[in-house]
Amino acid sequence: MPEVTLVEAINLALGRAMTEDHDVVVLGEDVGVNGGVFRATAGLQRRFGAERVLDTPLAELLISGLCVGMAAQGLKPVGEIQFMGFIYPCLDQLVNHASRMRNRTQGRLTCPMVLRTPHGAGIRAPEHHSESTEAMLAHIPGLRVVIPSSPERAYGLLLAAIRDPDPVVFLEPTRLYRAVKGEVEDNGEALPLDVAFILREGRDVTLISWGAMLKETMAAADTLADEGIAAEVVDLATLKPYDENTVLGSVAKTGRCVIVHEAAHTGGFGAEIAALIAERGLSALLAPVTRVTGYDAIIPMARLEQRYMPSVRRIVTAARKACQYN
Amino acid sequence: MASKRASEELPVIARFEVRRRNYLAPDGSTNRPLPAFATDAKLLVELYRSMVLLRLFDRKAVALQRTGRLGTYAVSLGQEAVSVGIASAMREEDVLLPSYRDNGALLWRGVRLEQILLFWGGDERGNQFSGPVHDFPFCVPVGSQAPHAAGVAYAFTLRKQPRVAVCLFGDGATSKGDVYEAMNFAGVHKLPAVFVATNNQWAISVPLRLQTGSETLAQKAIAAGFTGEQVDGNDVVAMRAAAEDAIAAARDGKGPRFIEAVTYRLGDHTTSDDALRYRSAEDVQAHWKEEPIARLRSYLVSQKMWTKAEEEQLAAECHERIEAAVERYLTTAPRRPETMFDHLYADLPEPYAAQRHELAGESDA
């Protein structure tokens with residue numbers, strides 16, 4: 001099987017989806033001739049034509065609104081927002097239209113669209129290019145929020161997102177675009193949405209994360225293993241709706257849980273998971289659930305961003321404390 | 001003075017013009033020869049009947065609201081010619097993207113009165129239109145349906161379908177980026193889309209002069225690269241004619257058009273509003289002289305296309321139709337609470353299925 005980067009896996013999935021379904025349309029800023037600022041759509045316009053891979057005017061609200069209109073006509077638009085910091089003009093369309101078209105028309109019109117955007121910090125990008133505001137999106141009923149953490153899952157989950165009959169925001173871990181390689185066979189096989197993946201089994205402590213932070217989380221699990229602590233690592237993968245059973249099952253087994261995310265602490269998606277465990281997994285707990293997250297500060301620009309993002313050391317310390325708790 | 005001389009020497013590189021369309025004067029006399037369709041008495045009468053039905057229906061809806069049997073409601077009083085005139089020029093397969101004050105267009109396209117009441121009565125089933133199933137529901141967030149119209153029109157182009165997306169919004173919406181972004185995109189791709197601004201002079205309490213410094217709203221299309229026309233929105237013949245031209249051009253691949261329909265909101269913004277707080281009764285009274293229904297009636301009577309007997313019969317018919325619809329609306333039982341989950345996703349995800357189950361249990365208790 002060929003080894004590809006995460007961004008190449010995205011490109012493979014887009015090409016596969018466009019080949020198998022003529023209703024799939026890719027749109028966004030610079031996605032055509034230029035192939036996208038991260039090259040995620042490289043070569044697609046040449047293969048599928050400028051009508052199906054279209055360079056839009058520089059207007060994010062428009063991109064999301066076009067997707068809603070196209071989707072209501074039965075197309076399967078895949079819009080690209082260049083960075084998550086530019087997704088905010090789309091919120092009106094996501095909250096007021098995409099997520100509720102099916103409901104407000106009682107099934108008469110639907111919205112099978114995908115909005116892709118790079119997620120997270122760590123690439124020394126300019127201001128507004130390092131956002132991880134996924135909790136905001138995961139709060140919206142009717143929406144799906146998906147974030148892969150490897151080339152294999154990027155390929156399988158993006159295919160699933162495009163085939164899904166409902167709107168999906170697909171967050172792509174910018175920091176991992178080229179930092180990881182994995183074997184991906186372009187066989188059109190999707191992975192299931194709404195399902196968490198157990199990346200590593202362990203009996204002592206559950207580490208839950210998503211997107212790029214799984215890199216540090218997996219490294220932390222290695223360090224913990226050296227100390228004799230067997231960490232179970234859960235990649236949540238779909239944040240809305242998320243796989244409650246896998247979370248609860250893992251915590252029932254280990255009795256300890258550390259949630260890791262890059263986004264700010266207060267109201268982050270980790271709070272949702274901690275609340276779930278408090279409500280339905282309390283009796284299994286041997287230690288308080290803790291969160292290792294970004295700070296409640298504006299994500300700093302390049303010089304300080306590494307100090308903002310959770311480090312392997314912080315994750316290891318939190319897991320160790322959970323294991324020592326009595 | 002030197003700078004003035006310099007500017008005089010600069011060449012003009014573009015000139016634009018905006019035209020205004022009107023046929024019927026407020027007294028029902030004609031300002032210019034009417035378009036060909038106006039020889040069809042049946043069509044003119046149909047337009048008239050639809051406007052009258054809408055006005056009487058609005059009156060009943062307000063009465064229902066005042067007696068606690070309907071939620072907030074937005075009347076079309078004074079601007080009936082716009083939505084009716086536009087919809088009358090559409091084909092079944094075209095797609096309508098209406099704002100919340102476009103009942104006239106929905107009714108023309110076959111949406112039932114009780115469905116409109118259901119919507120304003122707080123029931124999503126009101127949007128299960130018996131009209132064209134591809135039409136969009138009422139759009140409440142102002143102007144946010146304009147990008148949808150561009151997306152719909154793009155789908156038509158991609159699939160080479162001779163269909164047109166027709167998007168209605170108000171004067172306030174033209175201040176929003178949504179509308180400009182949509183028109184700009186439609187201009188780039190010469191999409192089969194018609195954008196219609198019902199300029200009723202008021203966005204709740206904000207008058208047009210605080211909405212824009214632009215001489216007309218029609219000229220906003222010029223920046224997007226296509227024609228904008230100002231139309232007397234109280235003249236249903238002009239509305240129908242402008243819509244016919246614009247929709248035909250869009251269908252023929254000539255690109256989008258913009259219509260500014262100049263009218264006046266004779267009623268409150270909604271039943272929750274009291275317009276006397278921000279405009280005088282005298283101002284409103286002056287605009288009653290221009291309203292669209294009396295205008296068309298005067299013309300029809302002058303042409304012997306309409307009689308007093310027919311007027312009385314129409315009133316009776318509308319009354320009967322409206323009362324029957326109200327009865328169906330009032331006797332429609334509310335949905336079961338757990339159905340709030342039924343159209344959330346194609347297949348309800350497991351965590352929400354549990355919530356649905358819990359709600360269903362509560363409802364039975």
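Which residues in α7(A) are buried? They are P151(A), E152(A), R153(A), A154(A), Y155(A), G156(A), L157(A), L158(A), L159(A), A160(A), A161(A) and I162(A). Here, buried takes 20 or more other C-beta atoms within 10 Å of a residue's own, exposed takes 12 or fewer, and partly exposed lies in between, with C-beta atoms placed from the backbone.

Some housekeeping. This is a predicted model, where local features need pLDDT of at least 70 and side-chain atom pairs count only at pLDDT 80 or more, while totals for chains, interfaces and linings use all residues. Residues are numbered from 1 along each chain as its sequence is written, with chains lettered from A and ligands numbered from 1 in the order in which they are written.

Because 12 of the 13 residues of α7(A) are buried, the helix is largely enclosed by the rest of the structure. From first C-alpha to last, α7(A) reaches 18 Å, close to the 18 Å expected at 1.5 Å a residue; the expected span is 1.5 Å times one less than the number of residues. Helices (H or I, at least four residues) and strands (E, at least two) are DSSP runs, numbered from the N terminus.

Chain A is assigned domain 1 (3-183) and domain 2 (197-324), with bounds from an automatic or database domain assignment. Over C-alpha atoms, their centres are 26 Å apart. The contact between them uses 26 residues of domain 1 of chain A and 22 residues of domain 2 of chain A; two residues are in contact if their C-beta atoms, placed from the backbone, lie within 7 Å. On the domain 1 side, α6 (134-138), β6 (144-146), α7 (151-163) and β7 (168-173) of chain A each supply at least two residues.

Then there's the contact between chains: 33 residues of chain A meet 33 residues of chain B. On the chain A side, α3 (60-72), α4 (91-96) and α5 (101-104) give two or more residues, and α3(A) gives the most, with nine residues.

Here's the make-up of the two sides.

As for chain B, its secondary structure comes to 14 helices and eight strands, and 45% of its 365 residues count as buried.
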